[in-house]
Amino acid sequence: MIQVTRPAMPSLEEYIEEISELWESRWLTNMGIKHQMFEKQLGTYLGMDNTVLFVNGHMALELLLQALNLHGEVITTPYTFASTTHAIVRNGLTPVFCDIDPVTFTIDPSKIEKLITDRTCAILPVHVYGNICDVEEIDRIAKKYELKVVYDAAHAFGETYKGKGIGCYGDASIFSFHATKVFNTIEGGAVSFKDPALETTLKDLKNFGFHGYEEVCGVGANAKMNEFCAAMGLCNLRHIDEVIRQRGLRSDRYRERLQGIEGLQLNPVQADVTCNYSYFPIVVEEALFGASRSEIFTMLQEHDIMARKYFYPLTSAFDCFHRQYDILKTPVALHVSKRVLTLPLYADLPLEKVDEICDLILSCRK
């Protein structure tokens, strides 16, 4: 079976060598030597002086919002994974959903200002499929209204824009190192941020609020990355550039086969962005292509190829919110969510499988 993604891993021998000293130290968690090494190397790779590791990307975002001491409304996108919206709500904040750009699928900055009220405290945009938000326009708006900007960069690991690491934009960015991502630590995440004063708060919050051994300065969580995950991060960081290169080759093959097909919209190629090829989505317009997303999805599934309707449904349409939000207010996001299909993409996906997937998609046309 071909899954939509497959984690990149070092050789077993490399990982065993990396973790072998843990059997001597027995320091398995609580910011041990592997954690310290990985945090330092990660910051260097991202081009950030300030980086803090977390157990996963969701806790990185949830605790970052807590650390910023935000109150009120956060303008964000419904075209994202559940984590983005849930982190806002779990902090007692109110998400205000902005529609997306129909080409990049990221938040549409031309629609942000009309959503700003006297209760707005922050903007939380999401880099989607490796597509970078309009960071310059968002920065302009944030400065005009004195708002914080927190980027969900779960899809943007290793990317740069105009030569700068993507984590350098906004007040802070969160990254996810889940097994499904371009770069993984089995499970993990990180926050990169500009204000060095945030470091102490973030580290306290991820360790039950402990500040030192005896002082508990606030109500925190247990969100520490363990040593085994950090060791996987150290190994995978050595190979990440080659992983991204290989993903690019598969992405290029998809583009060669599917570019220009009427009724199929592909991911854009953005100027000034070094892409990480995190996903390969197609948006299927049934009236033009001759088959629906569901028909393509079923065809692939019948051949043991697992594509994903990602993102569907919109987070604003989740049952847990009991119709609190009007999904018709974000029509572009709603339109795309009903038509998008992300195709399998990972570093060791055989190119002949990419061709097989493309053949099956094209065979669906009536």
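## A β-α-β unit

Strand S2 (residues 73–76), helix H5 (residues 82–90) and strand S3 (residues 94–97) form a right-handed β-α-β unit. Right-handed here means that, with the strands pointing away from the viewer, the path from the first strand over the helix to the second runs clockwise. Helices (H or I, at least four residues) and strands (E, at least two) are DSSP runs, numbered from the N terminus. The model is predicted: local features need pLDDT of at least 70, side-chain atom pairs count only at pLDDT 80 or more, and totals for chains, interfaces and linings use all residues. Residues are numbered from 1 along each chain as its sequence is written, and side-chain values use heavy atoms, with hydrogens and water left out.

S2 and S3 pair in the parallel sense over four bridges; strands pair if DSSP finds at least two bridges between them. Ile75 is placed opposite Val96 in S3.

S12 is joined to S14 (residues 280–284) by three bridges, and the two run antiparallel. Leu264 has Val284 in S14 as its bridge partner. Axes are lines fitted to C-alpha atoms, for helices over the stretch in contact, and angles run from 0 to 180 degrees between N-to-C directions.

## H8 against H12

The axes of H8 (residues 227–258) and H12 (residues 351–363) come within 10 Å and cross at roughly 30°. The two helices are therefore roughly parallel to each other, a term for angles under 35 degrees.

Residues of H8 in the contact include Leu249, Arg250 and Tyr254, and those of H12 include Val354, Asp355 and Ile361. By class, the contact has nine nonpolar, no polar and five charged residues. Ala, Val, Leu, Ile, Met, Phe, Trp, Tyr, Cys and Pro count as nonpolar, Asp, Glu, Lys and Arg as charged, and the others, Gly among them, as polar.

## Backbone details

A cis peptide bond with omega about 25° joins Tyr310 and Phe311.

Definitions and conventions:
Parallel < 35°, antiparallel > 145°, perpendicular 65-115°, else oblique. Contact = heavy atoms within 4.5 Å.
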